[in-house]
Amino acid sequence: MIISLLIAGMAQGSIDEAQEQQATEQQEKNKSNYKDDKEDFIDQYGTLGSKVEDLSKQEGKEWSDAIDNSDDFDVESAVDTIQSNHTDEIDEIDSKVNDLHDLDQKIQKNDSVKKSDKETIHKSYLDLKHFANHATNISGSYNDFTDEHNELDQKTADHMEELQDL
């Protein structure tokens, strides 16, 4: 009976050791995945931020030109024309926002990521999503549009610096 207890204890020790080894390997894999996911997020964020900024700038210019070149300016007509001129860019941005969302969620679910890193990444995603929505769903007045563009563009640039510091 004593021998059975010793053998059982040794077997349990081996099982515990194997489980601990497996947990350590999983943590290392999660850390490695986070590093890759973080780099992908930063790359996608930079690319998408640039596309959103370019689209929003172009829309603002087209809106300004429409105001300057019209005796009887109609906001809705101008906005509809601007958005139809940029359908492909809008579709591409919407798709890239979805991709960035998926990557953000993957990082948020990774237990090996520090809470502060998760918060920085998620806030960056949300602000860029808001900027993308601003550019893909034009609304409000021209002045509000340009003011919001400037504010969101600055937030995106600030977040890019924060992301690069992670």
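This is a predicted model: local features need pLDDT of at least 70, side-chain atom pairs count only at pLDDT 80 or more; totals for chains, interfaces and linings use all residues.
Buried, here, means under 20% relative accessible area.

**Buried aromatics**

Start with F145: its relative accessibility is 2%, so F145 counts as buried. W63 comes out at 1% and therefore counts as buried too. What about ring geometry in this chain? A pair of aromatic rings is described by the distance of the centres and the angle of the planes. Three aromatic pairs turn up in the count. One of them is F41 with Y45, a stacked pair with 6.0 Å from centre to centre and 25 degrees between the planes. F41 and Y45 both belong to helix α1, which covers residues 2-68, and they sit four residues apart, or about one turn of the helix. Both of these residues are buried. For W63 and F145, the ring centres are 5.4 Å apart and the planes lie at 55 degrees, so this pair is tilted. W63 is in helix α1 and F145 in helix α5 (residues 142-164), so the pair ties together parts that are 82 residues apart in sequence.

**The chain as a whole**

Zooming out, the protein chain has five helices and zero strands, and from the N terminus on the order reads α-α-α-α-α. There are 166 residues in the protein chain, and 30% of them count as buried. How much of the contact set with a separation of 6 or more comes from residues 24 or more positions apart? The share is 78% in the protein chain.

L48 is found in helix α1, and at 1% relative accessibility L48 counts as buried. Leaving out neighbours within four places in sequence, L48 is in contact with I93, K96, V97, L100 and L128. L48 and I93 are 45 residues apart in sequence, and their C-alpha atoms are 7.0 Å apart in space.

On the α5 side there are H159, T156 and D153. T156 is buried, with a relative accessible area of 8%. Setting aside neighbours within four places in sequence, T156 is in contact with Y45, G49, L128 and F131. Y45 also shows up in the list for H159, which touches Y45, K123, S124 and D127 once residues up to four places away in sequence are not counted. H159 has 7% relative accessibility and so counts as buried.

Is D153 buried or partly exposed? With a relative accessible area of 22%, D153 is partly exposed, since buried requires a value under 20%. Apart from neighbours within four places in sequence, D153 is in contact with E53 and F131.

Here are the C-alpha separations for the residue pairs discussed in this section:

| Pair | Separation in sequence | C-alpha to C-alpha distance |
|---|---|---|
| L48 and I93 | 45 residues | 7.0 Å |
| D153 and G49 | 104 residues | 8.2 Å |
| T156 and G49 | 107 residues | 6.7 Å |

**Where α2 meets α3**

Two packed helices are described by the angle between their axes and the distance between the axes. For helix α2 (residues 75-85) and helix α3 (residues 87-108), the axes come within 5 Å and cross at roughly 70 degrees. Angles of 65 to 115 degrees count as roughly perpendicular, and α2 and α3 are therefore roughly perpendicular to each other. Which residues make the contact between α2 and α3? Q83, S84 and N85 in α2 meet T87, E89 and I90 in α3. By type, the residues in this contact of α2 with α3 split into one nonpolar, four polar and one charged.

Notes: Residues are numbered from 1 along each chain as its sequence is written. Side-chain values use heavy atoms; hydrogens and water are left out. Axes are lines fitted to C-alpha atoms, for helices over the stretch in contact, and angles run from 0 to 180 degrees between N-to-C directions. Helices (H or I, at least four residues) and strands (E, at least two) are DSSP runs, numbered from the N terminus. Angles under 35 degrees count as roughly parallel, over 145 as roughly antiparallel, 65 to 115 as roughly perpendicular and the rest as oblique. Contact means heavy atoms within 4.5 Å. Ala, Val, Leu, Ile, Met, Phe, Trp, Tyr, Cys and Pro count as nonpolar, Asp, Glu, Lys and Arg as charged, and the others, Gly among them, as polar. Buried means under 20% relative accessible area, exposed over 50%, partly exposed in between (1.4 Å probe, protein chains only). Rings of Phe, Tyr and Trp (its six-membered ring) pair if their centres lie within 6.5 Å; planes under 30 degrees apart count as stacked, over 60 as edge-to-face and the rest as tilted.
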